[in-house]
Each structure stands twice: as structure tokens, then as C-alpha cells.
Amino acid sequence: KKLQKRKAKPVSIQFENIEGYRNYNFSIPNTRNNGISALLRVKNEGDKIADVLRSIYDVFDQVVIVNNASTDDTHEKVKEMIARFDQDRKVLYYFYPFEIALLGEESSNTEEYSVHNLTYLSNFGLSQCECSYIHKWDGDMFLREEIKGRYKEFLKVAVKSNKCWQISGQTVYRSLSGDFFIDPQAIYFEVQIIPNDGSVYFRKKGIFESINYVGAEENTFEDVVFFEMKYCDREEFSHWGTRDFPTQRKKREWKVFNAVREGRWEDAGLERISPEIIFGATVN
């Protein structure tokens, strides 16, 4: 009889925080099912989270939400969304009560294994994901309605590829008057799709976090997948402790955000976009 080759057991990585909070020690991976989990770390996204969840619910096999000490109505909006729409019971909802160090000098000086470091929060989120692949998503990312069907089919292929995948989003701003403007210069690619096998996880990199995928093959989904929304009636940069931004991307976002706030969207090179294009069937 020919022996079947056994699949290698996933590498288990233990995480213990330096503050000694035992309930927030964890290990990855926590894989139980084939498919893909969307991982959302959210804080004060009450004005976006319902539309975000509606845009992605049918696309993913599981949606893992980690609420990081929100002080607005994010919790109520998530609970309402689960009660009304989660017939398939695919949403897992967790609280992470610790304040995260502001990006800049504060995050640079915060240990990687501190519960106050963004990297530790992100790995905590990974540890709650049960599917064989994980898609990093954010509480301000709206899946483009026109790409939803094609993207769902792509994800079925991606989860069998044993690769990391880059995807892209485009920044959209909502003005104080409620109009929407898209930035033609703001299409950014990042690795967002990773295997949930313990070989890929987050590491601290300077003031930021970075997905560690050394040795893993990387590929790219070329079409723009989501709109990254910035609302000018809220403090979209409150997680930053500096305005001396270290990347050209953030420098442009800050400049454009203020231009839209002041009604100078044409000076910033933006184009008007209708709400129906952004929200599709989710528009109220």
C-alpha cells in the first residue's frame, strides 16, 4: 500500500504580554475550518461599521471583530448588526480593553509584547480567527459593490494557494456637507491575505506593525478592492501622536483631509463620487 503523505502540523507560537494579563496571553494558529476569516480591529467606527459589515458579510466564511476600547456607539452598532443579519452565526465579537500607544514616539517606545502595542493587538486578533486563511480588514474599508462577486470567487482560489496576497484600496473623503470625493492618486497595495498556519504573523517595525511572511510566496490581486473612507467631521488621525508623518501616503492623506475639510477638494485633485458607487446596495 502506498502511504499517504501527512500534512505538516501548523507551527504554534505562544504570546505572553509583559504586563502579566493572563487572559490576554494566546497562541496562533487557532485553525479549525477551511475558508477565510475577515479580521477587523475597530475603535470608534460607529458611523461606518454597519455599512462595512454589510459590504463584506456575504464574502467571508467568518468575520472576527475586535473592539479596541471604543467610546462611541460602535458596540451598539455591532450588536445590532449581529442580531439583524448574522443568521449564519459567522460573526465572532471580542473586546480588547487596553489603550494602544499612539503612532509615533509613543508606539516606538512601547514593547512589542505589551498589551498597549498595536502589534500585540493584531496578533490577538489573529488568535481568534478559526479559518485556514485570514484577510486583514479595517473598520473604514467598504468593499466595492461592483467587484463583490468576482472577489468572492477569487478568495476561493486564494485560500488554496498557500500564498500571501497583496490587495489595494482607494481613499475616499466625505466632506462636512456630506459629499464624497475620491483621490485618483491614492491607490495603495498592502499584503492583506495570509495563511493561518502560524508562519505568518505581525511584528513590530519601528513605529508601525508589519506582517512577517519571510519565505512565503507573495502574489497580487490587481483590481481595486475597497474604498478606504475618511470622514471630515471626525478625527481620523486621532491614533497618531505626531503630525510629522513618516510616509508619503500619510502626508498626502493629512493634506487632502484638511483641504476637503476646508472645501478645497478641487485644489487637492479630487473627483466627486456618488454614494451609490461607494455603498451600492448598502446605501440607506
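# Close-up views of a predicted model

**View 1. E45 forms a salt bridge with K48, with the closest N and O atoms 4.0 Å apart.** A salt bridge here is a side-chain nitrogen of Lys or Arg within 4 Å of a carboxyl oxygen of Asp or Glu, and by this rule the structure has 29 salt bridges. The structure is a predicted model, in which local features need pLDDT of at least 70 and side-chain atom pairs count only at pLDDT 80 or more, while totals for chains, interfaces and linings use all residues. Residues are numbered from 1 along each chain as its sequence is written, and side-chain values use heavy atoms, with hydrogens and water left out. Elsewhere, K90 lies over the face of Y57, at 4.5 Å from the ring centre.

**View 2. R252 and D183 meet through their side chains in a salt bridge of 2.9 Å, N to O.** Because R252 lies in helix α6 (residues 248-261) and D183 in strand β9 (residues 180-195), the pair ties together parts that are 69 residues apart in sequence; helices (H or I, at least four residues) and strands (E, at least two) are DSSP runs numbered from the N terminus. R252 is buried, with a relative accessible area of 18%, and D183 is buried as well, at 0%.

**View 3. K250 and E253 form a salt bridge whose closest N and O atoms are 2.7 Å apart.** These residues are three apart in helix α6, so about one helical turn separates K250 from E253. K250 is buried at 13% relative accessible area, and E253 is buried at 1%. Salt bridges that share partners join E190, E228, K230, R249, K250 and E253 into one network.

**View 4. The structure holds 28 aromatic pairs.** The ring centres of Y24 and Y96 are 5.7 Å apart with planes at 85°, so this pair is edge-to-face. Rings of Phe, Tyr and Trp (its six-membered ring) pair if their centres lie within 6.5 Å, and planes under 30 degrees apart count as stacked, over 60 as edge-to-face and the rest as tilted. Y24 lies in the loop between β1 (13-15) and β2 (26-28), and Y96 in the loop between β5 (91-95) and α3 (105-108), so that the pair links distant parts of the chain, 72 residues apart. Both Y24 and Y96 are buried. The rings of Y96 and F124, with centres 5.4 Å apart and planes at 50°, form a tilted pair, in which F124 belongs to helix α4 (residues 118-128), 28 residues from Y96. One aromatic cluster is formed by F15, Y21, Y24, F26, Y96, F98, Y113, Y120, F124 and Y201.

Notes:
Buried < 20%, exposed > 50% of the residue type's maximum accessible area, 1.4 Å probe, protein only. Lys NZ or Arg CZ within 6 Å of the ring centre and 35° of its normal.
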